[in-house]
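Hi everyone, thanks for coming.

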Amino acid sequence: MSGMADPRKAGAGPISRARLDRGRGALGPALELVHTGRAPTRAVLTAELGVTRATAGAVAAELEALGLIRVDARPSAPAGSQGRPSHRLEVAEDGPVALAAQVHTDGFRAALVGLGGRIVATTPGCETVDADPAKVLGAVVEAGADLLRATGRRCVGAGLAVPSAVAEPDGLALNPLHLAWPAGEPVRRIFAGLVRAAGITGPAFAGNDVNLAALAEHRHGAGRGARHLLCVATGHRGVGGALVLDGRLHTGSSGLALEVGHLTVNPEGRVCHCGSRGCLDVEADPLALLMEAGLAPGPEVSLLAQADDLLRTRYAEPAVRAAAETLIDRLGLGLAGLVNILNPDRVILGGLHRSLLNADPERLRAVVAERSLWGQSGSVPILPCTLDHDSLVGAAELAWQPVLDDPLAALR
């Protein structure tokens, strides 16, 4: 059993080498099933993998021996149930973590994220972003390294979320419009170099923040179970979109798909940074809500926090309600166009868009239904995102992916 931990250490009982070898290729799929909550018991794992009960037991024991999951030693059956009780499977609370980093217009944050999308530790959010990407990324990596030292956790890799399209294969941030960074900065290379210099083990990745939020929500949040998931969100500035198809992000030929912020929703509207006018990017973000309400943004807290607070505390005021309805109508128009083109089976909204949906869900759904062909023929569910730090969790998913693909190779 070269390279394989002995499953008998995890209480699996005598297992033949042949049976364990047959289950080796199932380690990754099995770990992903537990990671995403789709295999809460060994019986479900057996059914999902399509293997024998003995092979599923060997696979679960191996993952436990690797320190990735926990298998309860004394399974108990629910009251009133019949048949043999099945062992429950859970991710290991004290297992390895991924370093996740996020940079946005109002600051940056680092976190350690375990399997299951669990945030183990996080730094306080920093509220300043330097115009030099290397300085910002150096600070966030240093903060992450401090977390790793403080917790003593093993790190499988690092992921970075940025508010920009990230072009592949070179990992270039093509349009960090709201960061004052030069266009085309090689953020993945810079981040990876800083991660290595900090002594952090594992590969390093970078991606667009909304893409990563969509990935996290699909695996652990409001997007679970969707085959064609559309995510639209506005964080601190601008609007982004992402599409998850059969569990995989659709990023286009070079990572630049779903730049939904530049859909025109108000032809006579505000001038956009892209040179056009009335784009969703400037017509349905936090700054747009404050401006529609006749308010000047303050320097005390982020634009997103100001916009959310406005909806939460002053929504009854006519000016605030009218501003919210204007943004809802513009957002609905953009969503309707996306639904017509993409035909998703679920739409999830993040950031301020989640707050707008919660403020008046019927108005937004009515606009989308009225303007979209598929919305008229069959309602598309529109739901709020449910993870508090979905871009951070999604950044960690990038780092966890090699482990999900091949646990033995990644942890060897």
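**Charged pairs and the rest of the chain**

Let's start with Arg 237, which is partly exposed, at a relative accessible area of 26%. Here buried means under 20% relative accessible area, exposed means over 50%, and partly exposed is in between, using a 1.4 Å probe and protein chains only.

Before I go on, a word on what you're looking at. This is a predicted model, so local features need pLDDT of at least 70, side-chain atom pairs count only at pLDDT 80 or more, and totals for chains, interfaces and linings use all residues. Residues are numbered from 1 along each chain as its sequence is written, and side-chain values use heavy atoms, with hydrogens and water left out.

Okay, back to Arg 237. Which residue does Arg 237 form a salt bridge with? With Asp 285, and the closest N and O atoms are 3.4 Å apart. By salt bridge I mean a side-chain nitrogen of Lys or Arg within 4 Å of a carboxyl oxygen of Asp or Glu. Arg 237 sits in the loop between β10 (228–234) and β11 (240–245), and Asp 285 in the loop between α8 (280–283) and α9 (286–292), so this pair ties together parts that are 48 residues apart in sequence. The helices (H or I, at least four residues) and strands (E, at least two) are DSSP runs, numbered from the N terminus. Asp 285 itself is buried, with a relative accessible area of 2%.

Next pair: Arg 330 and Glu 292, with closest N and O atoms 3.2 Å apart in their salt bridge. This one also links distant parts of the chain, with Arg 330 in helix α11 (residues 318–342) and Glu 292 in helix α9, 38 residues apart. Arg 330 is buried at 13% relative accessible area, while Glu 292 is partly exposed at 29%.

Then there's Glu 317, which meets Arg 314 in a salt bridge at 3.0 Å, N to O. A search of the whole structure finds 15 salt bridges.

Glu 185 is buried yet has no salt bridge, and the nearest side chain of opposite charge, Arg 189, is 6.9 Å away. For charges, Lys and Arg count as positive and Asp and Glu as negative, with His and the chain ends not counted. You'll find Glu 185 in the loop between β8 (172–173) and α6 (187–197).

Let's look at helix α4. Its 13 residues (53–65) should span 18 Å at 1.5 Å a residue, and the end C-alpha atoms are 18 Å apart, which agrees. That expected span is 1.5 Å times one less than the number of residues. In α4, 10 of the 13 residues are buried, including Val 59 and Leu 63. After α4 comes Gly 67, with a positive phi near 80°.

Zooming out, the chain has 16 helices and 14 strands, and 51% of its 412 residues count as buried.

The chain averages a pLDDT of 89, and 91% of residues score at least 70; pLDDT is the predictor's confidence in each residue, from 0 to 100. Where pLDDT is low, the predicted coordinates should not be read in detail.
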